[in-house]
Structure formats: C-alpha cells, structure tokens
Amino acid sequence: MVSTDRPARRTDKAAKGMALSLAGMGVAHFVAPKPFDSIVPPNLPFGLTPRRATRLSGVAELTTAALLASPTTRRLGGVAATALFAAVFPANVYMAQQWSDKPLPLRLGAYARLPLQLPMVVTAVRIARDTGETA
C-alpha cells in the first residue's frame, strides 16, 4: 500500500497558526465591524466607505486564511498574507494616531501593533517562499 502522507513542510505550523488568526479576525470584521470601521483612514480610493473597507478586509482575511490552510495553496496564501499585511498597515498607523488620547494600556497596544507587523510579514514571506522542503 502506498502512503499518501505528505511530509510536513517547514512552514506548516506557522501557516496554520496564521490561517487560524486571520480566520478569526475575518469573522470579527463581520460580527463586530464598528471597531474596524473606526480605524479606517479617511480619503479612501474608489469611493470606499469605512464599512465597505471593513467588509473588504474581512473577505481578504478569510480568503487568505483559506489559502494558508490548504497545503496546495499555501504558497499563494503566503503571498496574499504579505500583501494583506502591507495593505492594512495604514489602518494600524491611523489607529495609533487616533488613540493618542486613550489610556496608556490602549495606546501601548496600538503602538505595539506597528512593529509587530514586521514578524508577521517575514513569516508570510517565508510561507510564500517555502518550496516544500520538509521539517
């Protein structure tokens, strides 16, 4: 009998964790959109309203999560995650600016999001570049 088990790729755990996180955030964009609407920067292109931008980013997160969850589309998911993290960075900057008058713990959380994007992007790039080498 031939085994159909595939050896684990080096980035499988990272991809699965990122998929789970993105799926949760994607769902949150639809279940509780107001906090996301409030951090959408003004002057969006294409006539996007904050709510449409929230929904669009929720769809992008859910789609990216699905791509990352499947080994056959995982590399594409890494590319999509890299683009997604770059696309939402302006909202994180805007949020940090908007929250400058919030209590210190909230401000720190908003500011911490900015440098934390870097390891997320690095991980997404690693997933995108993983050619299937096993762990």
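## Exercises on burial, charge and helix geometry

**Exercise A.** Determine whether Asp 37 counts as buried or exposed.

*Solution.* Asp 37 has a relative accessibility of 15%. Buried means under 20% relative accessible area, exposed over 50%, and partly exposed in between, with a 1.4 Å probe and protein chains only. Asp 37 therefore counts as buried. Arg 51, at 29%, counts as partly exposed.

The model is predicted: local features require pLDDT of at least 70 and side-chain atom pairs pLDDT 80 or more, while totals for chains, interfaces and linings use all residues. Residues are numbered from 1 along each chain as its sequence is written, and side-chain values use heavy atoms, with hydrogens and water left out.

**Exercise B.** State how many salt bridges the structure holds, and describe each pair.

*Solution.* A salt bridge is a side-chain nitrogen of Lys or Arg within 4 Å of a carboxyl oxygen of Asp or Glu. The structure holds two of them.

- Arg 51 pairs with Asp 37, the closest N and O atoms being 2.6 Å apart. Because Arg 51 lies in helix α3 and Asp 37 in helix α2 (residues 34-37), the pair ties together parts 14 residues apart in sequence.
- Asp 12 pairs with Arg 74, the closest N and O atoms being 2.6 Å apart. Asp 12 belongs to helix α1 and Arg 74 to helix α4, 62 residues apart, so that the pair links distant parts of the chain. Both Asp 12 and Arg 74 are buried.

Helices are DSSP runs (H or I, at least four residues) numbered from the N terminus.

**Exercise C.** Identify the side chain with which the side chain of Glu 61 makes a polar contact.

*Solution.* Glu 61 is found in helix α3. Glu 61 is buried yet has no salt bridge; Arg 113, the nearest side chain of opposite charge, is 7.4 Å away. Here Lys and Arg count as positive and Asp and Glu as negative, while His and the chain ends are not counted. The polar contact is with the side chain of His 29, at 3.1 Å. Such a contact is a pair of N or O atoms within 3.5 Å; within protein, one must be able to donate a hydrogen and the other to accept it, and residues adjacent in sequence count only if both atoms are side-chain atoms.

Note on methods: Helix = DSSP H or I, 4+ residues; strand = E, 2+ residues; numbered from the N terminus.
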